[in-house]
Amino acid sequence: MTSIGFYFNVADKPLLVNQLVQKALRQHRQVTLFTADEATANVLSDQVWQFEPTAFNANVLANHALAQATPVLLEWQAQRVQQDDLLINLQPMQLTMFSRFKHLFELVGLDELDKAEARKRFAFYRDRGYDIKSVDMLKKSI
């Protein structure tokens with residue numbers, strides 16, 4: 001069963017995404033960053049590449065020719081997801097394909113609309129018996 005982690009009160013989502021990606025890469029894991037659209041994926045891809053000058057955070061859009069050989073994929077279409085290790089959901093909708101992943105991370109910002117949508121997703125997972133780990137980012141860092 002997919003393990004689920006909610007990070008609440010995230011003031012800087014790109015920063016947390018990069019921290020989670022770096023941690024995953026150190027553990028030789030694969031990551032799918034699921035965004036709302038291709039434009040968002042392109043912006044996030046640049047942020048992951050440039051996160052630290054000395055880090056090499058290889059990533060590509062999922063429609064890239066090297067997607068099969070790259071540990072971090074940015075995707076916005078559920079039917080094209082190519083791996084099943086770590087999924088970071090960066091859009092407000094409930095993902096239908098989340099259960100194929102070993103781990104799902106939901107990032108919830110500070111604004112009320114983001115929190116309201118996250119509460120729906122949280123209830124969805126809870127009502128189906130998933131064990132959910134919650135981290136309040138105002139109280140803790142990863």
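This is a predicted model: local features need pLDDT of at least 70, side-chain atom pairs count only at pLDDT 80 or more; totals for chains, interfaces and linings use all residues.
1. Apart from its neighbours within four places in sequence, H103 is in contact with T2, S3, R29, D85, L86 and L87; contact here means heavy atoms within 4.5 Å. H103 belongs to strand β6. Its relative accessibility is 24%, so H103 counts as partly exposed. The terms are set as follows: buried is under 20% relative accessible area, exposed is over 50%, and partly exposed is in between, with a 1.4 Å probe and protein chains only. From H103 to R119 there are 16 residues in sequence and 19 Å in space, C-alpha to C-alpha.

2. Residues are numbered from 1 along each chain as its sequence is written, and side-chain values use heavy atoms, with hydrogens and water left out.

3. The protein contains three helices and seven strands. These elements are DSSP runs numbered from the N terminus: helices are H or I runs of at least four residues, and strands are E runs of at least two. Their order along the sequence is β-α-β-α-β-β-β-β-α-β.

4. How does the radius of gyration agree with that of a compact globule? The protein has 14 Å, and a compact globule of 142 residues would have a value near 14 Å, so the two agree. The radius is taken over C-alpha atoms, and the globule rule is 2.2 Å times the number of residues to the power 0.38. Along the principal axes, the C-alpha trace spans about 40 × 30 × 30 Å.

5. Of the 142 residues, 45% are buried. Among contacts with a separation of 6 or more, 63% join residues 24 or more positions apart. The protein exposes about 7,700 Å², of which carbon and sulfur atoms supply 54%. These areas come from the Shrake-Rupley method with a 1.4 Å probe, and for residues only the protein chains shown count as cover.

6. The largest nonpolar core has 23 residues, and Y7, L16, V21, V31, L33, I88 and L107 touch the most other members. Such a core is a set of buried Ala, Val, Leu, Ile, Met, Phe, Trp, Tyr and Cys residues joined through side-chain atoms within 4.5 Å. At least two residues of this core come from each of α1 (13-26), β2 (31-34), α2 (38-49), β4 (72-75), β5 (86-89) and β6 (103-107). Helix α1 gives the most, with six residues. Another core, of 15 residues, lies apart from this one and has F6, F34, L87 and F98 among its members. In soluble globular proteins, nonpolar side chains tend to be buried together.

7. Which residues does L107 touch, residues up to four places away in sequence not being counted? They are Y7, K13, L16, V17, L20, I88, N89, L90, D114 and R121.

8. T2 lies in the segment before β1 and is buried, with a relative accessible area of 3%. Leaving aside neighbours within four places in sequence, T2 is in contact with F98, S99, R100, F101, K102, H103, L104 and Y130. G5 is in strand β1 and, at 7% relative accessibility, counts as buried. With residues up to four places away in sequence not counted, G5 touches L104, F105, E106 and K133.

9. Two loop residues other than glycine have a positive phi. For N9 the angle is near 55 degrees, and for H28 it is near 60 degrees. N9 is placed in the loop between β1 (3-8) and α1, whereas H28 is in the loop between α1 and β2. Are these residues buried or exposed? N9 is buried, with a relative accessible area of 13%, but H28 counts as exposed at 75% relative accessibility.

10. T70 is found in the loop between β3 (59-61) and β4. T70 is buried, with a relative accessible area of 11%. Apart from neighbours within four places in sequence, T70 is in contact with A58, N59 and V60. T70 and N9 are 61 residues apart in sequence, and their C-alpha atoms are 30 Å apart in space.
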